[in-house]
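Biologist: I am new to reading structures. Please take me through a few features, one at a time.

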Amino acid sequence: MHEQFRRDCVEEVGLQGADAALTQASREWVNKANTKKYSYYFERLGRPIIQYPQDIIAMQELIWSVQPDLIIETGIAHGGSMIFSASMLELNAVSGGPKNASVLGIDIDIRAPNREEIEKHPMSKRVAMIQGSSVDPIIIDQVRAVALSRKRVLVCLDSNHTNDHVLAELEAYAPLTSIGSYCVVFDTIIEDMPAEMFPNRPWGPGNNPKTAVRKFLETHPEFMIDKQIDHKLLISVAPDGYLRRTR
Ligand SMILES: C[S@@+](CC[C@H](N)C(=O)[O-])C[C@H]1O[C@@H](n2cnc3c(N)ncnc32)[C@H](O)[C@@H]1O
């Protein structure tokens with residue numbers, strides 16, 4: 001019964017993704033919402049999380065299905081996404097999943113009040129943080145050393161959104177993704193937005209996470225874009241950013 005329901009959903013989601021009017025309306029909605037800073041108004045267990053609710057739902061599905069024992073996240077900010085991931089790992093653990101799973105966050109600037117709140121949070125037992133640039137070879141080595149001892153690794157990239165930075169992050173961290181798991185690249189949506197939305201940013205259309213994903217995939221056939229997730233969400237900051245490692 002449930003399997004049939006799932007098969008029906010796959011078919012219907014495909015049709016949803018092929019609906020040009022619906023995808024266009026979703027894109028217009030995202031562009032309008034972005035002018036209101038829509039992604040800044042949500043929290044996870046008391047910490048601000050700079051994500052769209054739709055992507056948060058997609059991530060909880062992935063964390064449940066992959067059952068990672070390590071989640072690597074670049075870009076901590078207030079810690080909301082890290083606390084979210086840690087809380088999902090906690091739920092996995094009480095449901096029979098990996099007992100000692102944890103999140104490793106990397107940020108070039110972990111502000112003192114954010115660090116303090118993260119460290120005293122009930123989920124902090126599943127969180128470790130490294131301060132430094134995610135593309136600094138010393139930091140990459142530290143992350144690799146942690147990943148070495150883990151069995152199932154999921155990666156999320158959400159720091160500096162320029163093409164060169166994300167491409168360097170992909171080269172450094174995507175290979176740590178376990179087969180069957182995901183490397184999720186956030187803010188690929190920038191490619192699809194008007195340039196005037198990013199007046200004071202080094203990124204914009206032509207120079208962003210999606211351009212990095214395209215370049216990366218040219219030489220990494222072991223990853224494929226999970227279009228099913230895009231077609232399901234429709235509203236997402238990570239279109240073409242849910243990369244599944246297939247081999
Ligand atoms: C969009 S925020 C992260 C949001 C967070 N993932 C969430 O959902 O709540 C981006 C973060 O990336 C960090 N950042 C910028 N450049 C970086 C770099 N070179 N290495 C690591 N982190 C960087 C910033 O300090 C900022 O905290």
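Biologist: Where is the place of Tyr41?

Modeller: This is a predicted model, where local features need pLDDT of at least 70, side-chain atom pairs count only at pLDDT 80 or more, and totals for chains, interfaces and linings use all residues. Residues are numbered from 1 along each chain as its sequence is written, and side-chain values use heavy atoms, leaving out hydrogens and water. Helices (H or I, at least four residues) and strands (E, at least two) are DSSP runs, numbered from the N terminus. Tyr41 lies in the loop between helix H2 (20–34) and strand E1 (42–44).

Biologist: Is Tyr41 buried or exposed?

Modeller: Buried means under 20% relative accessible area, exposed over 50%, and partly exposed in between (1.4 Å probe, protein chains only). Tyr41 has 54% relative accessibility, so Tyr41 counts as exposed.

Biologist: What about Glu169: buried or exposed?

Modeller: Glu169 has a relative accessible area of 0%, so Glu169 is buried. Glu169 is found in helix H7 (residues 163–173).

Biologist: Which residues is Glu169 in contact with, leaving aside neighbours within four places in sequence?

Modeller: Contact means heavy atoms within 4.5 Å. With those neighbours left aside, Glu169 touches Thr74, Ser134, Val135, Leu157, Ser159 and Ala174. Now take a C-alpha distance. Glu169 and Cys156 are 13 residues apart along the chain, and their C-alpha atoms are separated by 10.0 Å.

Biologist: How many aromatic pairs does a search of the whole structure find?

Modeller: Rings of Phe, Tyr and Trp (its six-membered ring) pair if their centres lie within 6.5 Å; planes under 30 degrees apart count as stacked, over 60 as edge-to-face and the rest as tilted. The search finds five aromatic pairs. One of them joins Trp29 and Tyr38, edge-to-face, at 4.9 Å centre to centre with 85° between the planes.

Biologist: Why is the pair of Tyr38 and Phe42 edge-to-face?

Modeller: Their planes are at 65°, so the pair is edge-to-face, and the ring centres are 5.4 Å apart. Trp29, Tyr38, Phe42 and Tyr52 form one aromatic cluster.

Biologist: Where does the charged end of Lys37 sit?

Modeller: A charge sits over a ring if NZ of Lys or CZ of Arg is within 6 Å of the ring centre and within 35 degrees of the ring normal. The charged end of Lys37 sits over the ring of Tyr40, 5.0 Å from its centre.
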